[in-house]
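Good morning, and thank you for making time for this item. Please have the structure open on your screens while I go through it.

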Amino acid sequence: MKISTFIVLMISLSSCVSDKTIESSSKYVTMVKPTTTEEEIPFDSIVESYRYVQLETSPKCLIGEVEQLLLEDDRIYVVSNGVYCFNKAGKFLFSVDKKGRGPGEFVTINSVSLSNGRLYIHDCGERKVLSFNSKTGVFAGEKAIPYPVPRLYVADSTYIVDRSEFTSTLVKNDERFYICNQDSPEKAAEAFFPEKKDKILILGQLTTCDGGKFYTDYYNNKAYKITKMGVEPYFELSIEKGRSLTDKEKELLIKDRQISNTSIRDKKRIFGMTHTLECKDFIFAQYSYGDQPAYIFFDKSTKKERIFEYTKSKGHQWPPVDVSASQGDYFCSIISAGNVALKKSLIEVGEDLPANDPEYNEQSIYKNNKPEDNPIVVFYKLKHIK
């Protein structure tokens with residue numbers, strides 16, 4: 001199945017974008033030659049090395065459904081019913097999980113940020129942002145927010161606000177995102193994405209990683225980097241005519257607040273980019289390929305890409321398609337014990353590897369993970385694409 005595509009990497013040279021259309025007259029565009037979508041690729045053909053970290057399981061750090069994975073220096077932060085911090089060996093260090101309305105307490109966690117040695121928790125219902133020392137978990141203070149917003153992220157002295165469909169008098173044209181100073185949260189310095197399509201909440205549309213925070217335009221296969229300075233057009237998947245959605249199809253989907261329909265799925269069309277993430281040398285994204293998900297790794301150094309539907313892997317190898325964070329050279333995934341158990345029931349782990357095998361530790365961690373255990377965090381370093 002060959003599908004001609006162009007991958008466009010767009011890096012804005014402007015430091016701030018104030019135009020609501022998010023266009024820049026000074027951006028650098030790299031065009032990549034058409035390529036194919038591979039149905040299946042070997043795990044070892046894309047992954048240079050990988051490492052499993054089994055997070056410690058104890059009554060002090062029982063993790064439920066994972067909402068967010070964050071990394072900073074030698075620490076792993078898992079957001080669930082609280083924020084749980086582990087070191088890179090998986091040892092539990094501390095948690096921030098006090099429920100209530102007092103100082104250092106929250107009722108709900110709507111979003112979590114790391115900035116300048118601080119861990120920030122945004123509680124929409126209580127209209128406040130709590131601050132903790134990111135190395136110790138010690139409470140450092142909190143600030144009131146004069147309005148309710150679903151998600152708020154801290155970047156230095158700035159708030160990046162995703163108001164979704166919440167009403168706000170701070171924006172003039174019903175924009176979804178805006179940026180404001182922590183000391184004057186009642187004043188929006190910049191606002192972005194006013195169109196109707198931007199109000200449709202889609203899983204994987206807003207992502208956070210070592211490369212920054214990304215908003216992905218699902219209907220146009222474009223990703224934008226959001227920083228304290230503004231919004232930059234960053235990455236675009238440009239599809240050949242006949243494989244992309246027509247303007248009329250986009251219009252109907254947006255009108256009905258849909259992300260797909262049968263007529264699109266049946267034709268092996270490419271649409272619906274989400275989950276944009278970046279590490280030092282690669283960009284990752286996911287999109288719909290007919291009725292199947294497909295994945296892309298774009299190599300920033302060679303300007304080449306690999307697009308595929310599945311990976312062929314050994315029983316203990318977890319494919320690099322559930323990427324949710326990054327740090328330096330690595331993309332990262334967090335795999336629940338339930339999903340590990342499910343895969344074990346479907347695919348045999350295989351014979352035990354000898355102790356001198358490079359994957360001995362990974363197989364042991366995977367094999368010994370029990371349904372009641374905390375998740376496994378996976379660090380992937382990719383091979384450069386030639």
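Tyrosine 159 stands opposite cysteine 180 in S15. The model shown is a predicted one, in which local features need pLDDT of at least 70 and side-chain atom pairs count only at pLDDT 80 or more, while totals for chains, interfaces and linings use all residues. Residues are numbered from 1 along each chain as its sequence is written, and side-chain values use heavy atoms, with hydrogens and water left out.

Strand S14, residues 158-162, runs antiparallel to strand S15, residues 177-181, and five bridges join them. Strands here are DSSP runs of E with at least two residues, helices are runs of H or I with at least four, and both are numbered from the N terminus. Two strands are taken to pair if DSSP finds at least two bridges between them.

These two strands belong to an open, antiparallel sheet of four, ordered S13-S14-S15-S16. S13 and strand S16 (190-192) are at the edges with a single partner strand each, so one side of each has no neighbour in the sheet.

Is cysteine 180 buried or exposed? Cysteine 180 is buried, at a relative accessible area of 2%; buried means under 20%, exposed over 50%, and partly exposed in between, with a 1.4 Å probe and protein chains only. The structure holds zero disulfides, a disulfide being a pair of cysteine sulfur atoms within 2.5 Å. For cysteine 209, the nearest cysteine sulfur is that of cysteine 279, 8.6 Å away. Cysteine 209 also counts as buried, with 12% relative accessibility.

Cysteine 209 brings us to the pockets. Cys209 is among the residues closest to the centre of the second largest pocket, together with Leu114, Val154, Thr208 and Gly212. A pocket is an open set of points on a 1 Å grid over the protein atoms alone, where a 1.4 Å probe fits, with protein on both sides within 12 Å along at least five of seven lines; lining residues have an atom within 4 Å of a point.

The volume of this second pocket is about 560 Å³, a volume being the space filled by probe spheres set on the points, which are joined across faces, edges and corners. Which element gives the most to the lining of the second largest pocket? S5 does, with five residues.

The largest pocket has a volume of about 1300 Å³. Its lining comprises 43 residues, and those closest to the centre are Val66, Glu67, Gln68, Leu203 and Ser324.
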